[in-house]
Amino acid sequence: MNSIKLNQDRFDAAIIDLDGTMVDTMGDFVAALNLMLGDLALHGLAGLPLEAATVSRMVGKGSEHLVKSVLNHVQTQAKHASEAIDLVAHYEPAYASYQRHYDAVNGRHSALYPGVLEGLCGLQARGLPLVCLTNKPAAFARALLKLKGLDGFFREVFGGDSFERKKPDPLPLLKACEFLGTRPARTLMIGDSSNDAQAARAAGCPVVLVSYGYNHGEPVRAVDADGFIDSLAELRRQ
Ligand SMILES: O=C(O)COP(=O)(O)O
Ligand SMILES: [Mg+2]
């Protein structure tokens, strides 16, 4: 980690992102989205099924954004005007189908990144209270954390539907700090994307990004952040 030294003097708590930071959930997203396209009879259209490389560019801004991005992608893949889809008419059924399928596949095609347990244990051993803050719907996030054995680490789990606005808006981080009773300047945000970094900057939280996540398909080290780590286990050693 380059410019941040993690020590108890500097931080009173940590807020940790879920997808792309603690759990590699790409397999769940891809499975649920392809089942959704099957329901809508869009599965066979121009170059589908969707692949992880495509979906990883769309993840991180919540389910509504993800479903809209996939429908837009299908639209741009349509080779003939006759294949063009009505995005507005498809959105509601697509979203309902996606939610149903994601609920069923949640955690089945996903895995903890290496070093996550060590990192969380290290933060906990330092006495830092932890909150999980994701743009994933809170119910999906809680079920996933439980399935992966991580639920016991967090005082609270906030999702993309917990507040009026999602990351990159600072509101969820400010609310998480309020819950923790800590000042943003002393609350470390750990994430995988520019979404997390922008929210942290705007809230006044220091931010460290992992190098292995999704970051909307862009190189993460180009993002304005206070440090980068290759594994959460590095937090233990600071
Ligand atoms: O957009 C999502 O569903 C999840 O994204 P996040 O856990 O990286 O915030
Ligand atoms: Mg993320």
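## A buried aspartate

D17 is buried, since 26 other C-beta atoms lie within 10 Å; a residue is called buried if 20 or more other C-beta atoms lie within 10 Å of its own, exposed if 12 or fewer, and partly exposed in between, with C-beta atoms placed from the backbone. This is a predicted model, in which local features need pLDDT of at least 70 and side-chain atom pairs count only at pLDDT 80 or more, while totals for chains, interfaces and linings use all residues. Residues are numbered from 1 along each chain as its sequence is written, and chains are lettered from A and ligands numbered from 1 in the order in which they are written.

D17 is found in the loop between β1 (13–16) and β2 (23–24). Helices (H or I, at least four residues) and strands (E, at least two) are DSSP runs, numbered from the N terminus. Leaving aside residues up to four places away in sequence, D17 touches L133, T134, I190, G191, D192 and D196; contact requires that the C-beta atoms of two residues, placed from the backbone, lie within 7 Å.

## Annotated positions

The UniProt record, an unreviewed entry, places the feature "active site" at D17. The feature "binding site" is placed by UniProt (unreviewed entry) at D17, D19 and D192. These positions span 176 residues in sequence, yet no two of their C-alpha atoms are more than 8.1 Å apart, so they gather at one spot. UniProt positions are given in the numbering used here, feature names are shortened, and annotations may be inferred rather than shown by experiment.

D19 also has its place in the loop between β1 and β2. D19 is buried, with 25 other C-beta atoms within 10 Å. Beyond residues up to four places away in sequence, D19 touches T25, V59, G60, T134 and K136.

## Surroundings of ligand 1

The residues around ligand 1 are D17, L18, D19, G20, V59, G60, K61, G62, S63, T134, N135 and K136; a residue is near a molecule or strand if its C-beta atom, placed from the backbone, lies within 6 Å of it. By class, this shell has two nonpolar, six polar and four charged residues. Ala, Val, Leu, Ile, Met, Phe, Trp, Tyr, Cys and Pro count as nonpolar, Asp, Glu, Lys and Arg as charged, and the others, Gly among them, as polar.

Domain 1 (13–24 + 110–237) and domain 2 (27–105) each supply at least three residues to the shell around ligand 1. The domain bounds come from an automatic or database domain assignment.

## The chain as a whole

The chain contains nine helices and eight strands. Its C-alpha trace spans about 65 × 35 × 30 Å along the principal axes. For 238 residues, a compact globule would have a radius of gyration near 18 Å, and the chain agrees with 18 Å; the radius is taken over C-alpha atoms, and the globule rule is 2.2 Å times the number of residues to the power 0.38.

Of the 238 residues, 43% count as buried. Among contacts between residues at least 6 apart in sequence, 64% join residues at least 24 apart.

## Backbone particulars

The peptide bond from K167 to P168 is cis, with omega near 15°. P168 lies in the loop between β5 (156–158) and α7 (171–180).

N215 has a positive phi of about 40° although it is not a glycine, and H216, likewise a residue other than glycine, has a positive phi near 55°. N215 lies in the loop between β7 (207–210) and β8 (227–229), and H216 is placed in the loop between β7 and β8. N215 is buried, with 26 other C-beta atoms within 10 Å, whereas H216 counts as partly exposed, with 18 C-beta neighbours inside 10 Å.
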